[in-house]
Amino acid sequence: MIKVSLSDPLKQGQSATVNNRGELIVGRSLPSTASTAIMGTANTAVNFWGPKAGCTFIITDILLYANKSVGAGDATVTIYESTDGPATSTQSVVILSTEMLKKTSRDLTGLNLEVTAGNWVNGITDDDDIFATIMGYYVTT
């Protein structure tokens, strides 16, 4: 057996590890957690994630589905950061803004989006119903 150590090029003590399943970990090792909500009323904000003291939230996936209730046109869906709280439509930073037709889905996976520390992750639509799941994890800042 040969002992090997993989570390960052800046020699700041960050090294790769092997978890208990024998997988080499060179990036994030935390699993994502899902938060789901139904944007069921037009122009009414819903909350997915809130701030945690000393942490930053990382979004890994956003899954959206526009059901049969969406009107003949389309629904504008916005996922955003807010500094004002979990039920506000005040948008500090827009994470995603997209149009969705009735009975369509949009899945964004493999993301690595950092939410500003202290901000809530909210969503809003100008139609109903949009079923949404936002997945991610908190990291210590």
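Tutor: Let's settle one term before you start: a residue is buried under 20% relative accessible area, exposed over 50%, and partly exposed in between, using a 1.4 Å probe and protein chains only. This is a predicted model, in which local features need pLDDT of at least 70 and side-chain atom pairs count only at pLDDT 80 or more, while totals for chains, interfaces and linings use all residues. Residues are numbered from 1 along each chain as its sequence is written, and side-chain values use heavy atoms, with hydrogens and water left out.

Student: Great. Is Asn43 buried or exposed?

Tutor: Asn43 is exposed, because its relative accessibility is 56%. The residue sits in the loop between E3 and E4; strands (E, at least two residues) and helices (H or I, at least four) are DSSP runs numbered from the N terminus.

Student: And what phi does Asn43 have?

Tutor: Asn43 is not a glycine, yet its phi is positive, at about 60°. For background, most residues other than glycine have a negative phi, and most peptide bonds are trans.

Student: Which other residue has a positive phi although it is not a glycine?

Tutor: Lys103, with a phi of about 60°. Lys103 belongs to the loop between E7 and E8 and counts as exposed because its relative accessible area is 57%.

Student: You mentioned peptide bonds. Where is the bond that is cis?

Tutor: Look at the step from Asp128 to Asp129, where omega is near -10°. Asp129 is part of the loop between E10 and E11.

Student: OK, on to sheets. In what order do the four strands of the open sheet come?

Tutor: The order is E4-E10-E6-E7, with antiparallel pairing. Here two strands pair if DSSP finds at least two bridges between them.

Student: Which strands are at the edge?

Tutor: Strand E4 (46–49) and strand E7 (93–100), each of which pairs on one side only. Neighbouring strands in this sheet are turned by 20° against each other on average, ignoring direction. The axes are lines fitted to C-alpha atoms (for helices, over the stretch in contact), and angles run from 0 to 180 degrees between N-to-C directions.

Student: How many bridges join E4 to E10?

Tutor: Three, and E10 covers residues 120–125.

Student: Now E5. Why is it described as largely enclosed?

Tutor: Ten of the twelve residues of E5 are buried, so the rest of the structure largely encloses this strand.

Student: How many bridges join E5 to E11?

Tutor: There are eleven, and E5 and E11 (residues 130–140) run antiparallel. Within that pairing, Ile58 has Tyr137 of E11 as its bridge partner. E5 also pairs with E8 (residues 104–108) through five bridges, again antiparallel, and there Tyr65 is partnered by Ser105.

Student: Which residues does Thr56 touch?

Tutor: Not counting residues up to four places away in sequence, Thr56 touches Glu114, Val115, Ala117, Tyr137, Tyr138, Val139 and Thr141; contact means heavy atoms within 4.5 Å. Thr56 is in strand E5 (residues 55–66) and counts as buried because its relative accessibility is 4%.

Student: What about Thr36: buried or exposed?

Tutor: Thr36 is exposed, because its relative accessible area is 59%. This threonine lies in strand E3 (residues 33–39). Its contacts beyond four places in sequence are Phe48, Ala132 and Thr133. The C-alpha atoms of Thr36 and Phe48 are 6.7 Å apart, although the two residues are twelve places apart along the chain.

Student: And Ile134, what is in contact with that one?

Tutor: Leaving aside neighbours within four places, its partners include Phe48, Trp49, Ile59, Ile62, Ile79 and Val121. Ile134 is in strand E11 and is buried, because its relative accessibility is 0%.

Student: Last one: which residues form the nonpolar patch on the surface?

Tutor: Ile2, Val4, Leu6, Val18, Leu24 and Val26, together giving about 680 Å² of accessible area. Patch residues have over 30% relative accessible area and no salt bridge; nonpolar side chains (Val, Leu, Ile, Met, Phe, Trp, Tyr) are joined within 5 Å, and like charges within 9 Å. A salt bridge is a side-chain nitrogen of Lys or Arg within 4 Å of a carboxyl oxygen of Asp or Glu. The areas come from the Shrake-Rupley method with a 1.4 Å probe, and for residues only the protein chains shown count as cover. Val4 lies in the segment before strand E1 (17–18) and is exposed because its relative accessible area is 66%.
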